Amino acid sequence: MPNFGYHLARAKGAWFRRLYHARLETIVRRPVSTNAALPFEVFSYSGEEMLPEQIASIRSLLRSAGRPQQFTVVSDGTHSERSLELLRHLDPCIRVSAASDWQPQNTPSAAASYLANHPTGKQLAVIMSLPMNGPVLYVDSDVLFFPGARTLPSLLEQNDAPALYLSDCRLSADERLYRDEEEKRNPVNTGVLFLSREIDWSQSIARLLELESEPNFFTNQTMTHLAMIAAGALPLDAAKFVLQLDDQFEFADRYAGPDLVLRHYVNPVRHKFWATLARGGYQ
C-alpha cells in the first residue's frame, strides 16, 4: 500500500521550495529582526543548486540564535552574479568568498589537487583553514536552526574541547581510509562543526596520500572524522543537534520543536527542511 503521508510530505516540501525560490528577491529584502549577537563567526560552503536552502538556513540562524560577527558563504564557483548579490543583500553580516581563497598552505601537491578541484575536497579545504580569529561555527547550507539555538553562546563558554562535532546517525565514510573497526566508532558529520583551536590534519593527509584510487564523495568526511577524533573533539548533544533518517517516511518532522538547536536535513530527508518551514513556526 502506498505511503501517502511520505509522498504528501515530499510534495509539500517540493511545492514550498519552488515558492520560496521564486520569491527570493522579496525574501532577502525582508530583514530579520534580532537583538542577539553571537560571539563567533560562521562559515558555510555551498553553490547555486543550494541557494534557497542557504538563504533559508541563514535566516533561521539570525532569527533563532542571533547575528554572528560575520557569516561567510564560500562559493564553490557555480553561483550566478544574481545569486551572489542576493546573498550579499541578505544581511549586513554576510560576506561572500570564493573557494579558491581557502586553500591550506604547505600541503603536498597530490592532496592540494584534491582540495582545490574535488567538490567535497573544496569543502574540506574551507574546514581545514578554520578557525582564524577565535572560535567559528561551520555549518552546511541544509541546516535549519530552531529556537533552542539561543543557547549556542553558552555552549562555547561551557566547553574547552578543541572542537565539537555533529554525530552522524550512520557510517557514511570512505572506508579505505580506516585502519581498523575501532576508528569507525562515533562517526563525525561535517555538516556542523564548532572549531575553537587549530586541528592537526597531518594524519588525515597521510591517509589520503596512501589511496591507490581517486577520492570519493565521503573522503572529506572521513578525513574530518580522523582529525577530530585524534584532536579530542567531542560530539554535540544528539538530542538537540540532530542528524536522523528514522522519520524519513513519516509525514511529520519528528524532531522539529522549540527546544531543538538545529537539524541537518541531508538528502534523504531534505523535503522535511521545506515541509517544516511551510508549517510557518520556524521561518
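This is a predicted model: local features need pLDDT of at least 70, side-chain atom pairs count only at pLDDT 80 or more; totals for chains, interfaces and linings use all residues.
1. The complete lining is made up of Asp 168, Arg 170, Leu 171, Ser 172, Ala 173, Tyr 178, Pro 187, Val 188, Gln 221, Thr 222 and His 225. By class, the lining of the largest cavity has 5 nonpolar, 4 polar and 2 charged residues.

2. On volumes, a search of the whole structure turns up 2 cavities of 30 Å³ or more.

3. Around the second largest cavity you will find Leu 155, Leu 156, Asn 159, Ala 161, Ala 163, Leu 164, Phe 194 and Ser 196. Helix H7 (152–157) and strand E6 (163–167) are the elements that give two or more residues to this lining. Its residues divide into 6 nonpolar and 2 polar, with no charged ones.

4. Do look at helix H1 (residues 4–22) and helix H10 (residues 270–278) too: their axes come within 7 Å and cross at roughly 75°. H1 and H10 are therefore roughly perpendicular to each other.

5. As for the residues that meet there, H1 brings Tyr 6, Ala 9, Arg 10, Lys 12, Gly 13, Phe 16, Arg 17 and Tyr 20, while H10 brings His 271, Trp 274, Ala 275, Leu 277 and Ala 278. Sorted by class, the contact of H1 with H10 has 8 nonpolar, 2 polar and 3 charged residues.

Terms used
Residues are numbered from 1 along each chain as its sequence is written. Side-chain values use heavy atoms; hydrogens and water are left out. On a 1 Å grid over the protein atoms alone, a cavity is a set of points where a 1.4 Å probe fits but cannot get out, and a pocket is an open set with protein on both sides within 12 Å along at least five of seven lines; lining residues have an atom within 4 Å of a point. Grid points are joined across faces, edges and corners, and a volume is the space filled by probe spheres set on the points. Ala, Val, Leu, Ile, Met, Phe, Trp, Tyr, Cys and Pro count as nonpolar, Asp, Glu, Lys and Arg as charged, and the others, Gly among them, as polar. Helices (H or I, at least four residues) and strands (E, at least two) are DSSP runs, numbered from the N terminus. Axes are lines fitted to C-alpha atoms, for helices over the stretch in contact, and angles run from 0 to 180 degrees between N-to-C directions. Angles under 35 degrees count as roughly parallel, over 145 as roughly antiparallel, 65 to 115 as roughly perpendicular and the rest as oblique. Contact means heavy atoms within 4.5 Å.
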